[in-house]
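This report walks through one protein chain step by step, for a reader who is new to structural descriptions. Please keep the structure in view while reading, and look up each residue as it is named.

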Amino acid sequence: MSKFLCLGMDLTDVLRAATSAPAQAIGRTELGSLRPGAMGDAAILEVREGRFEYVDSPGQRIVGDRRLVSHGVVMGGKWWPTEADEA
């Protein structure tokens with residue numbers, strides 16, 4: 001997701017591409033949304049600014065100025081922090 005931000009994709013479009021679009025592609029419209037009646041699982045993300053290097057599968061490198069960092073997820077009503085946020 002951070003690589004797409006680096007390539008100039010809008011944050012809203014990045015989030016849609018990682019959530020509702022895949023859910024729709026596999027016919028699971030109850031996933032990928034926070035609307036009433038949906039599963040309600042969610043990731044807590046932060047956009048950090050700085051200098052971040054990304055490498056693609058052929059090994060090409062690009063440098064971006066933003067990065068998405070996960071602080072944890074809510075699944076089944078339970079909070080699951082990332083290891084860095086547990087301390």
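## A residue in the loop

Gln60 is found in the loop between β1 and β2, where helices (H or I, at least four residues) and strands (E, at least two) are DSSP runs, numbered from the N terminus. This is a predicted model, in which local features need pLDDT of at least 70, side-chain atom pairs count only at pLDDT 80 or more, and totals for chains, interfaces and linings use all residues. Residues are numbered from 1 along each chain as its sequence is written, and side-chain values use heavy atoms, with hydrogens and water left out.

Is Gln60 buried or exposed? Gln60 counts as exposed because its relative accessibility is 57%; the cut-offs are under 20% relative accessible area for buried and over 50% for exposed, with partly exposed in between (1.4 Å probe, protein chains only). Not counting residues up to four places away in sequence, Gln60 touches Tyr54 and Val55, where contact means heavy atoms within 4.5 Å. The C-alpha atoms of Gln60 and Gly32 are separated by 31 Å, and these two residues are 28 residues apart along the chain.

## The chain as a whole

The secondary structure of the chain comes to four helices and three strands, and read along the sequence these follow the pattern α-α-α-β-β-β-α. Along its principal axes, the C-alpha trace spans about 40 × 35 × 20 Å. Of the 87 residues of the chain, 14% count as buried. Among the contacts with a separation of 6 or more, 36% come from residues 24 or more positions apart.

## The sheet and its hairpins

Three strands form an open sheet in the order β1-β2-β3, and the pairing is antiparallel; two strands pair if DSSP finds at least two bridges between them. The edge strands are β1 and β3 (78-81), each of which pairs on one side only. Neighbouring strands of this sheet are turned by 30° against each other on average, direction ignored, with axes taken as lines fitted to C-alpha atoms, for helices over the stretch in contact, and angles running from 0 to 180 degrees between N-to-C directions. As a general point, the side chains in a regular strand alternate between the two faces of the sheet.

How many bridges join strand β1 to strand β2? There are 12 bridges between β1 (residues 42-55) and β2 (residues 61-75), which run antiparallel. Val55 stands opposite Arg61 in β2, while the bridge partner of Tyr54 in β2 is Ile62. β1 and β2 form a hairpin with five residues between them, and Gly59 in the turn has a positive phi of about 100°.

## Tyr54 and Ser2

Tyr54 lies in strand β1, and Tyr54 is buried because its relative accessible area is 9%. Not counting residues up to four places away in sequence, its contacts include Ser2, Lys3, Cys6 and Ile62. The side chain of Tyr54 reaches the backbone oxygen of Arg66 at 2.8 Å, which falls under the heading of a polar contact (a pair of N or O atoms within 3.5 Å; within protein, one must be able to donate a hydrogen and the other to accept it, and residues adjacent in sequence count only if both atoms are side-chain atoms).

Ser2 is found in helix α1 (residues 2-6), and Ser2 counts as buried because its relative accessibility is 12%. Tyr54 and Ser2 are 52 residues apart in sequence, with their C-alpha atoms 8.5 Å apart in space. Beyond Tyr54, Ser2 also touches Arg66, Arg67 and Leu68, again not counting residues up to four places away in sequence. A polar atom of the side chain of Ser2 lies 2.8 Å from the backbone nitrogen of Leu68.

## A charge over a ring

The charged end of Lys78 sits over the ring of Trp80, 4.3 Å from its centre; the rule asks for NZ of Lys or CZ of Arg to be within 6 Å of the ring centre and within 35 degrees of the ring normal.
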